[in-house]
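Hi,

Here is the structure I promised to pass on.

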Amino acid sequence: MSTKGSLAAGPNAAGPNPAVALRVRNLRVGFGDASADDAVRGVSFEVSVGECLAIVGESGSGKSVTARSILGLAGAGARVSADELSLAEESVLGLSETAWRRRRGRDVGLVLQDALASLDPLRPIVREIGDSLRLHTRLDSAERTRRVLEVLDAAGLSQPELYAGRRSGELSGGQRQRALIAAALALDPPLLVADEPTTALDVTVQAQVLDLLEQAQARGTAIVLISHDLAVVSRIADRIAVMHDGRIVETGTTAEVLQNPRHAETRRMLAAIPVDRPRGSRLAPAMDTRQTPRAGVSDRESAPVRPAVPATSAASTPEADSAALEAIGLAKTFRGPHGTVHHAVDNVSFRVPRGSTLGIVGESGSGKTTTARLVLALTAADAGEVRLLGEPWSVLPERDRRAMRPLVGAVYQDVLASFDPRLSVRELLRHAVAGAAPESPRSGRSWSSRSWSGRGGAALRNAGAARVAELLDSVGLAGALLDRRPADLSGGQRQRVGIARALASRPQVLICDEPVSALDVSVQAQVLDLLDELQRELKLSLLFISHDLGVIQHVSDQVAVMHDGRVVETGTATEVFTAPTHPYTQALLAAVPRLP
Amino acid sequence: MAEPLTIAARRGVRPRLRGLVRRIAGAVFVLWAVATVTFFAVRLIPGDPAEAILGGPGSQTSPEALAAVRAEYGLDQPLLVQYLQQLGRLATGDLGRSYALNMDVGPLVLSQLGGTLVLAVLSLAVAWLIALVLATWSTGRGRLAAQIGSGLEIVAAALPHFWLATTLIVVFSIWAGVLPPISTVDARGLVLPVVTLAIPLAGFLGQVMRESLTTALESPFVLSARARGESDRGVLWRHALRHAALPAISLSGWAFGSLISGAVVVETIFARPGLGRTLLNAVTVRDVPVVVGVVMVVALAYILMTIVTDLASALADPRPTEHGNGALS
Amino acid sequence: MSELEIQASATGRGAGRSPTAARGRLGRMRVTFVELAAVLVAVLLLTAAIAPRLLAPGDPLAIDPLAAFGAPSWAHWFGTDESGRDVYTRVVYGARDSLLIGLTATLIGLGLGAVLGTIAGTLGAAVDFTVNRFLEVLFAFPGLLLALLFILVFGPGPGSAIVAVGLSTAPGYARIIRAQLLRVRSSAFVEAATVQGLGRGRILARHILPNTLAPLLVLGTLGIGQAIVWAAALSYLGLGAQPPAAEWGAMLSAGRTYITSAWWMSFFPGLFIVLTAVCATTLGRSIERRMRHA
């Protein structure tokens, strides 16, 4: 139990034990008919005044439902039961909706993940924040506005009067999240439930939001922090509860849980965090990555560091050969609606030596995605060029480039959107194999299209089926998935199918644009391991783009840091991460949440 | 407080003004095209217009009379000259002269316009009211209420004006005897025509509103509002309704158009003077200038209405749109 | 949901909320009572259109002046008209013409709309601009106005009414199809196909067109009801099918004169128009829902 908590609660101990801000015993929440498995199956915990309890788990673990149940907002169709559910020692179990309404916002506040969607996009934030005051106080409109400005100021929005009249869409991500927290804290509720409050934020903003929560905690607010990210949580949590499959599988002080994890799930989540893990070391247990490990793969399982060439050698040995991919002075500007000019990419140059990985890291708006599109020649550059294997690439007309396209594969963040929704996994992969042009001139590339039944079609089709099976196997997926549609697969499986598709044409270069940022950390670990194995087996050159410094550090030989459309620092991963020279890189690294 | 709001407003003024200019240019283009299409479409009508003016091809007319009529209506000129003359007349607001009624089309259409506008605007308002009440009542009350609401909307949208009108007349005029079967000048005479036009439209608007209302009620900002202690009614009035109204507002231009075409039927059944009935009569007797005149006026009203709905949409939703608010997009 | 669970479920031993279960649930998506009723009505209507004798053994044109203006009774469920013809029999026999008119008009509208929308979405900015202006002009003839103009030029009659209704619905379809095409064209999977090295033509044929035209079935089903209503409105106004014919709109038009004394003459044909339109809308919605989850 936190000492901070008991200190804050000491003086005004009036009730039985008012130091306890929230107590939950044997909470169960189910949806749908009674036969379905409950989302939350008997969860118990308590939070003291001024304490921060983090509930950590992957998606589907029941952590969000638990959080919402604390406010009586589990949802219309939810069946909620518990032995005890009390706020400041007052039972709120079975409260009427009206009674709940009086407590929400005043006794307990909620901060949700996506501030853009969590603030009404049609209302100015001054109204949104003022609503708590309007509902729970008798302040008049002018007093409310004054109070809102104070709260915004306290939430770190300097010059709040400048922002108060704006709608959430007119604010930056960080400002928005501050406004959302300000709305939850407007009445200084003794308990704050924060459901993934920093997810999808840039690391620097993430750090600021955590600071804000820490300040509230210091003022005596008890916090229930829901997150999937142990590293983020470790910064401010006093205690951690790990949830898995609707149960709390482990609870303890932050130090205990992180240093002596007792439950396998906790250990798995900790092992999957890529920060400060050397290049080539596995993040996930080997069996998860592939269902049918072949000899070549299992060999390496025992070795934590890859036995191949040391990571830095590709860059340090000057190769007579040209780089796999080279960008020279790339620039792209976009014109805004009012004649404003936005330099999305400004004089960006980099090299991806053959067989190595260049990681591009940057926050949102740094131009990294535009860079990916320029490299894939999906957008024409305003200046500069991209060369592929020493040959011209971006300057070619699309018609000529098409023949070279098979040399480049791409893995996307929103992989589901990159699949034709009508196609099954089998069809997707067959199209990809077919599109990759068996160099047979007589049947061209369209041998797999249904209408085509040219000479030799059957033989090629068999070859295609074999190649599809091979691809699926190489990304560790079972053949049973072939007739599913990607929409029915899990995020990790989808991304594996995406990788298989990218490999269909036997590319030499793989462009990965945020390939793991939509995945749970343990699934992310498996996908990163898979990419690493494939790179070594197939001698791929990778351009890996991510906002996540931990991921970049783990996968990259060379790193380029992007900021405002420019590359501000390049170097080997070790150089950039241990001795950053540019102030922006230094600030970025300082903000990365790390395990203590 | 006031300062940032005005800044936000000022940022939007210039593009909005540019948008308005583009809209007006677009409107002029559409009117020109409508005039052109109708002018040439009308030339496709088989038979001699001069004969039509003098009472149709069956009537015995002397060549002299025909020649006189041709000269009077400018029908002896080359087609291009006639077209340009017509455009010139339209530009000055002269809609020509009716073949059948022996009066100028402009004053005729103007005298009929008011009645139809009153009918359309009232019906639009009533349709909005019905749709709003139905959508708000039946959303967030469980599956059964939603199904009832959605079922009522589907049935309402499927009701043909002519059948609804006759059924209403049978029930309320003939059986109950509470409302006049024929539209009179007083307000009671307006009830049945307005209800006839409003119910099917309410079905369409309601379907759209329900969908956006459901989406809005499921969105995170509603959860946030509830977490602040907002009541169901507060959520509805302060948050969800505005979101629900947006698509229905942008549909109102289309709705207005469909009301005017519905007025053709309703005005005929209720023997109510108006553009619709004038148009139907003119089509039946092939009174070309009147048809063209009504079409031009309706097109103008429709365009004005879409501009109004766009402005209303922009007011209700100040978020910048992706493709701007250009008339031609 | 963990990766391990998913992979376990892929082999058929999935836990409760695994994708397998989800897919199974959707595949067996429960047929609701309303859907069942709509299918039943559709079957009855189609029977009436194809083999009216099965539902109404009588002659729709048989005159019985003695039984004129009979109110609904056991002998004449829907009553009789001014010549003593059985309204029920006429309504059943009217299904063929009414459905055919609605179907043809929808096909014309949908066909024109698909062609216009596809042309606009594929043949470059200049064509797109032109088609869009053209559609905008057509939109300025709201609802029945375009149909009335068409009838003014080509004269009244069932054929005219069909084409007129088809023409008036085409701009709406064209706009929907164009929007869908643009959405598909700028989608991530089309971009992914470009990255794979597929040519423009192949992307169009393999990805863009199939995904654009998939909703046509839904659009058409939803549109049939409206087309029938509009065509009947033209008949009612005396511009479409003419009164002796047993078309629902024409029957209504004939019944209009006797509305004070014989309400059933116009009530029942109209009821069937409503029934058809509701049935089509329900079926269209249901197909849409299933396609979205398939």
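**Domains of chain B**

In this predicted model, the C-alpha centres of domain 1 and domain 2 of chain B are 34 Å apart. The domain assignment puts domain 1 of chain B at 21–91 and domain 2 of chain B at 106–326. Where they touch, domain 1 of chain B brings 13 residues and domain 2 of chain B brings ten. On the domain 1 side of that contact, α1 and α2 (49–53) of chain B each give two or more residues, and α1(B) gives the most, with nine. By class, this side of domain 1 of chain B has ten nonpolar residues, one polar and two charged.

**Chain B against chain C**

The contact between these chains takes 40 residues of chain B and 33 residues of chain C. On the chain B side, at least two residues come from each of α1 (2–43), α6 (143–158), α7 (161–175), α10 (232–269), α11 (275–285) and α12 (288–316). That side of chain B is made up of 30 nonpolar residues, nine polar and one charged.

Most residues other than glycine have a negative phi. Gln159(A) has a positive phi, near 55°, and it sits in the loop between α6 (141–154) and α7 (160–163) of chain A. Lys539(A) also has a positive phi, near 55°; you'll find Lys539(A) in the loop between α21 (521–538) and β19 (541–546) of chain A.

Are they buried or exposed? Gln159(A) counts as exposed because it has 11 C-beta neighbours inside 10 Å. Lys539(A) has 12 C-beta neighbours inside 10 Å, so Lys539(A) counts as exposed too.

Cheers

Terms used:
Residues numbered from 1 in each chain as written. Chains lettered and ligands numbered in written order. Predicted model: local features only at pLDDT ≥ 70, side-chain atom pairs only at ≥ 80, totals over all residues. Contact = placed C-beta atoms within 7 Å. Helix = DSSP H or I, 4+ residues; strand = E, 2+ residues; numbered from the N terminus. Nonpolar A, V, L, I, M, F, W, Y, C, P; charged D, E, K, R; others polar. Buried ≥ 20, exposed ≤ 12 C-beta atoms within 10 Å, placed from the backbone. Domains from an automatic or database assignment.
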